[in-house]
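Please read the following note with the sequence and the model open beside it. It is written for a reader who is new to describing protein structures.

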Amino acid sequence: HHLRGVMHADAPDHSTLRHLIETSYRPETVVFVPSEVPFEAILCAADVLFIPDDGDFATTCVAWAMAAGVLVIAAAGYCIAEIIAHKHNGLLYKRRAEAGVVVAIAECFGETALVPGILEVARGQAYEVFGLKSFVDLHLRLYDNLLAGRAVADGIADSAVVA
């Protein structure tokens, strides 16, 4: 009863979902905000970024959540699994879970003891992997490799991979 969802009020692709929420038993569980409110402002006030989609999509929101110290709970699709490792820097569930998706999601929300450690790892990874200095350093190394005739990936490690 203490959880709230936040959704942009006038997103055209959400009209069916909005109608479902407004006619549900507890419509107050979702707060609609004007579309002028930037996603990042909403995210910084959140406790959880919940991603039910296991398809391919831009994962910038995941990087923002990690940097903001917001727990990521997501369906274990390929693009999410590239960034989030279950119980390491976020929580994942399978959309085709044997016990059912709702049970799998509820189990993720029940992992409260792990959350402080997960958030610490996620925030550290966000600054290491998505930070400007890392971006510049990796591009300088890439261009240096090209100019020197070395393999393009020489000396470039994927910092998202746990050593």
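The numbered points below go from the whole chain to single residues.

1. Basis of the note. This is a predicted model, in which local features need pLDDT of at least 70 and side-chain atom pairs count only at pLDDT 80 or more, while totals for chains, interfaces and linings use all residues. Residues are numbered from 1 along each chain as its sequence is written, and side-chain values use heavy atoms, with hydrogens and water left out.

2. Secondary structure. The chain contains 7 helices and 5 strands. Helices (H or I, at least four residues) and strands (E, at least two) are DSSP runs, numbered from the N terminus. In sequence order the pattern is β-α-β-α-β-α-β-α-β-α-α-α.

3. Overall dimensions and contacts. The C-alpha trace spans about 65 × 35 × 25 Å along its principal axes. Of the contacts (heavy atoms within 4.5 Å) between residues at least 6 apart in sequence, 45% join residues at least 24 apart.

4. Burial and surface. Of the 163 residues in the chain, 26% are buried. Buried means under 20% relative accessible area, exposed means over 50%, and partly exposed lies in between, with a 1.4 Å probe and protein chains only. The chain exposes about 10700 Å², and carbon and sulfur atoms supply 62% of that area; accessible areas come from the Shrake-Rupley method with a 1.4 Å probe, and for residues only the protein chains shown count as cover.

5. The aromatic pair. The count of aromatic pairs comes to 1. Phe-50 and Tyr-93 form this pair, which is stacked, with 6.1 Å centre to centre and 10° between the planes. By the rule used, rings of Phe, Tyr and Trp (its six-membered ring) pair if their centres lie within 6.5 Å; planes under 30 degrees apart count as stacked, over 60 as edge-to-face and the rest as tilted. The pair links distant parts of the chain, 43 residues apart: Phe-50 belongs to strand β3 (residues 48–51) and Tyr-93 to strand β5 (residues 91–93). Phe-50 counts as partly exposed because its relative accessibility is 33%, whereas Tyr-93, at 3%, counts as buried.

6. Helix α3. In α3 (residues 60–68), the residues Cys-61, Val-62, Ala-63, Ala-65 and Met-66 are buried. The buried residues of this helix pack against α2 (39–44), β3, β4 (71–75), α4 and α6 (115–130). Just after α3 comes Gly-69, with a positive phi of about 75°.

7. Asn-89 in its loop. Asn-89 is placed in the loop between α4 (78–81) and β5. Is Asn-89 buried or exposed? Asn-89 counts as buried because its relative accessibility is 2%. A polar atom of the Asn-89 side chain lies 2.9 Å from the backbone oxygen of Ile-83. The side chains of Asn-89 and Gln-125 are joined by a polar contact of 2.5 Å. A polar contact is a pair of N or O atoms within 3.5 Å; within protein, one must be able to donate a hydrogen and the other to accept it, and residues adjacent in sequence count only if both atoms are side-chain atoms. Leaving aside residues up to four places away in sequence, Asn-89 touches several residues, including Met-66, Ile-118 and Val-121.

8. Lys-87. Lys-87 is found in the loop between α4 and β5. Lys-87 is not a glycine, yet it has a positive phi of about 65°. With a relative accessible area of 43%, Lys-87 is partly exposed.
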